[in-house]
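Dear colleague,

Please find below the structure that I am handing over to you. My notes on it follow directly after.

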Amino acid sequence: MAHQLLKGKRGIIFGALDERSIAWKVALDAVAEGAQIVLSNAPIALRMGKINELSKLCNDAPVIAADATSIPDLENLMTQGMEKLGGKFDFMLHSIGMSPNVRKNISYTDTNYDNFLKTLDISALSFHKVLQTAMKLDALNEWSSVLALSYIAAQRTFPGYNDMADAKSVLESIARSFGYQYGFAKKVRVNTISQSPTVTTAGSGVAGFNAFIDYAEKLSPLGNATADDCAKYCISLFSDYTRMVTMQNLFHDGGFSNTGVSHLLIEDLNKLNA
Ligand SMILES: NC(=O)c1ccc[n+]([C@@H]2O[C@H](COP(=O)([O-])OP(=O)(O)OC[C@H]3O[C@@H](n4cnc5c(N)ncnc54)[C@H](O)[C@@H]3O)[C@@H](O)[C@H]2O)c1
């Protein structure tokens with residue numbers, strides 16, 4: 001049920017590839033809540049994905065290609081986006097992640113450093129580039145909200161997550177460091193949401209992903225947060241009800257991050273040992 005929480009606001013949603021993408025759900029919810037949005041993804045994702053389908057569901061939202069590692073692409077996206085929507089933005093969602101090492105099944109201890117640098121550039125530095133471009137173009141109104149999506153492998157080791165863990169640590173650090181700068185400069189808030197494992201194209205690429213999902217489901221008192229739940233949390237953070245929240249990594253994981261072990265997992269282990 002929509003409440004027009006984003007009425008009159010304009011935003012950019014990066015990273016909607018298909019209907020499983022977290023960004024896809026955020027785009028639908030943002031429009032239902034009264035926002036006008038621009039959809040963006042890497043040129044290859046626009047060719048292979050279903051973003052035009054999503055655009056139709058979002059009041060024909062403009063679709064503008066941008067490789068998030070390219071400053072000229074980001075400048076073009078924000079300039080064109082402001083022209084098309086008729087003003088500066090109030091929110092942005094960075095929902096972007098990719099590791100060539102994960103894709104090619106190269107283990108962490110055997111990493112390929114060119115791949116590692118690409119992981120960091122695409123999954124972490126691109127967030128800095130989005131923020132820096134927005135600041136230079138003065139593309140965000142005061143009290144805007146910028147979010148990126150993270151994962152708890154930034155704090156604790158999940159071996160299958162590989163170099164994405166390092167990328168998420170950098171991503172969360174950028175939210176703090178840039179959040180400080182943008183807060184003083186323009187009252188713009190910057191946060192990351194640390195989301196439960198979720199079945200999407202990026203998520204499914206991680207080794208042992210199904211076991212990950214089961215484990216997290218059994219450890220979390222509320223169960224795993226779905227992409228739909230995540231979208232609702234994003235909307236609340238884009239809204240004026242969370243104006244004083246900035247420089248945070250916010251766990252959206254059904255309680256996983258604060259649970260050591262659960263009775264469900266103990267029961268499973270007891271069965272195995274019986
Ligand atoms: N799925 C999970 O379990 C999970 C859990 C926590 C956090 N996240 C994070 O959520 C975010 C969204 O991932 P998702 O799970 O919806 O998967 P997804 O595969 O649907 O989305 C990832 C997006 O990144 C885009 N992308 C890759 N390289 C890009 C580039 N150079 N420029 C612009 N866009 C680029 C892809 O095209 C894709 O749309 C990622 O940051 C991911 O790490 C996912």
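In this predicted model, the buried residues of helix H7 are Met164, Ala165, Asp166, Ala167, Lys168, Leu171, Glu172, Ile174, Ala175, Phe178, Gly179 and Tyr182.

H7 itself runs over residues 164-186, 23 residues in total. From first C-alpha to last it reaches 31 Å, close to the 33 Å expected at 1.5 Å a residue. One of its buried residues, Gly179, is also where H7 bends, by about 25°. After the helix comes Lys187, which has a positive phi, near 60°.

Ile13, if its neighbours within four places in sequence are left aside, is in contact with Ala23, Val26, Ala27, Ala30, Ile37, Leu39 and Leu93.

I turn next to the ligand. There are 27 residues around the ligand, of which Ser21, Ala45, Gly97, Ala202 and Gly203 come nearest. Helix H1 (22-32), strand S5 and helix H8 (201-204) are the elements that give two or more residues to this shell; H8 gives the most, with three. By class, the shell is made up of 14 nonpolar residues, 12 polar residues and one charged residue.

With kind regards

Notes
Residues are numbered from 1 along each chain as its sequence is written. This is a predicted model: local features need pLDDT of at least 70, side-chain atom pairs count only at pLDDT 80 or more; totals for chains, interfaces and linings use all residues. Helices (H or I, at least four residues) and strands (E, at least two) are DSSP runs, numbered from the N terminus. The expected span of a helix is 1.5 Å times one less than its number of residues. The bend at a residue is the angle between axes fitted to the seven residues ending there and the seven starting there. A residue is buried if 20 or more other C-beta atoms lie within 10 Å of its own, exposed if 12 or fewer, and partly exposed in between; C-beta atoms are placed from the backbone. A residue is near a molecule or strand if its C-beta atom, placed from the backbone, lies within 6 Å of it. Ala, Val, Leu, Ile, Met, Phe, Trp, Tyr, Cys and Pro count as nonpolar, Asp, Glu, Lys and Arg as charged, and the others, Gly among them, as polar. Two residues are in contact if their C-beta atoms, placed from the backbone, lie within 7 Å.
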